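This briefing is for a reader who is new to the structure shown below. Please look over the sequence and the model before going on to the points that follow.

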Amino acid sequence: MKFISPGKESISPNHSRKISECLMEFALEIAPADSARDTFANAVGMAAMLWNVPVLPEAEQARSMDVIRSWLAQIGRLDLQLEIGRLLELRRKRYATDRRVIMNYKLEYGAKGPELIVASVDLDRPENQGR
């Protein structure tokens, strides 16, 4: 987990990779990094939303998926439901033990391409129990 506070960043002791690296990897399953900026920004947003679903209580997971289905219906893309399901299953399998919740993120473009700064909460840390 990457904690963001004035001048300080760190990785959660429960994980070997920064959440920003994991989220970027997951977003790349949706769109390549060299996509149009709006396209990649949407891919990161979708990845962040889907990242959090498996760590929510069951009722909230169902509500989140209802929101996604409703949004797909609004934009006339119900055909993407299968892809959303595939991505959610990928999240559950590839990152199964990762219980960090993405609270906020910022996508920036540097000389090397897109970079993510992510604020998250690790639900496995004692101080976050009961959240």
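Leaving aside its neighbours within four places in sequence, which residues is Asn52 in contact with? They are Arg100, Val101 and Ile102. The model is predicted, and its chain holds four helices and two strands.

**Overall layout**

- Read from the N terminus, the order of the elements is α-α-α-α-β-β.
- The chain has 131 residues, and 37% of them are buried.
- Taking contacts between residues at least 6 apart in sequence, 54% join residues that are at least 24 apart.

**Asn52**

- Asn52 is part of helix H2.
- Asn52 has a relative accessible area of 14%, and therefore counts as buried, because the cut-off for buried is under 20%.

**Helix H1**

- Helix H1 spans residues 19-27.
- Seven of its nine residues are buried, so H1 is largely enclosed by the rest of the structure.
- The buried residues of H1 are Ile19, Ser20, Cys22, Leu23, Met24, Phe26 and Ala27.
- The cover over these buried residues includes H2 and H4, together with strand E1 (100-110) and strand E2 (113-122).

- Glu29 sits in the loop that runs between H1 and H2.
- With 30% relative accessibility, Glu29 is classed as partly exposed.
- Beyond its neighbours within four places in sequence, Glu29 is in contact with Arg86, Leu87, Leu90 and Arg94.
- One of these residues, Leu90, is 61 residues from Glu29 along the chain, while the two C-alpha atoms are separated by 9.3 Å.
- Glu83 belongs to helix H4.
- The relative accessible area of Glu83 is 31%, so Glu83 is partly exposed.

**Helices H3 and H4**

- Two packed helices are described by the distance between their axes and the angle between those axes.
- For H3 and H4, the axes come within 11 Å and cross at roughly 145°.
- The crossing of H3 with H4 is right-handed.
- On the H3 side, the residues that meet H4 are Gln61, Met65, Ile68, Arg69 and Leu72.
- On the H4 side, the partners are Gln81, Ile84, Leu88 and Arg92.
- Sorted by class, this contact between H3 and H4 has five nonpolar, two polar and two charged residues.

**The largest pocket**

- Rolling a probe the size of a water molecule over the atoms shows where empty space is left.
- How much space lies in the largest pocket? The value is about 340 Å³.
- The largest pocket is lined by 16 residues, and those closest to its centre are Ile30, Asn42, Ala43, Met46 and Leu80.
- At least two lining residues come from each of helix H2 (37-52), helix H3 (58-74) and helix H4 (81-94).
- H2 gives the largest share of the lining, with seven residues.
- By class, the lining of the largest pocket consists of ten nonpolar, three polar and three charged residues.

Notes:
Residues are numbered from 1 along each chain as its sequence is written. This is a predicted model: local features need pLDDT of at least 70, side-chain atom pairs count only at pLDDT 80 or more; totals for chains, interfaces and linings use all residues. Side-chain values use heavy atoms; hydrogens and water are left out. On a 1 Å grid over the protein atoms alone, a cavity is a set of points where a 1.4 Å probe fits but cannot get out, and a pocket is an open set with protein on both sides within 12 Å along at least five of seven lines; lining residues have an atom within 4 Å of a point. Grid points are joined across faces, edges and corners, and a volume is the space filled by probe spheres set on the points. Ala, Val, Leu, Ile, Met, Phe, Trp, Tyr, Cys and Pro count as nonpolar, Asp, Glu, Lys and Arg as charged, and the others, Gly among them, as polar. Axes are lines fitted to C-alpha atoms, for helices over the stretch in contact, and angles run from 0 to 180 degrees between N-to-C directions. A crossing is left-handed if the near helix is turned anticlockwise from the far one by less than a right angle, and right-handed if clockwise. Contact means heavy atoms within 4.5 Å. Buried means under 20% relative accessible area, exposed over 50%, partly exposed in between (1.4 Å probe, protein chains only).
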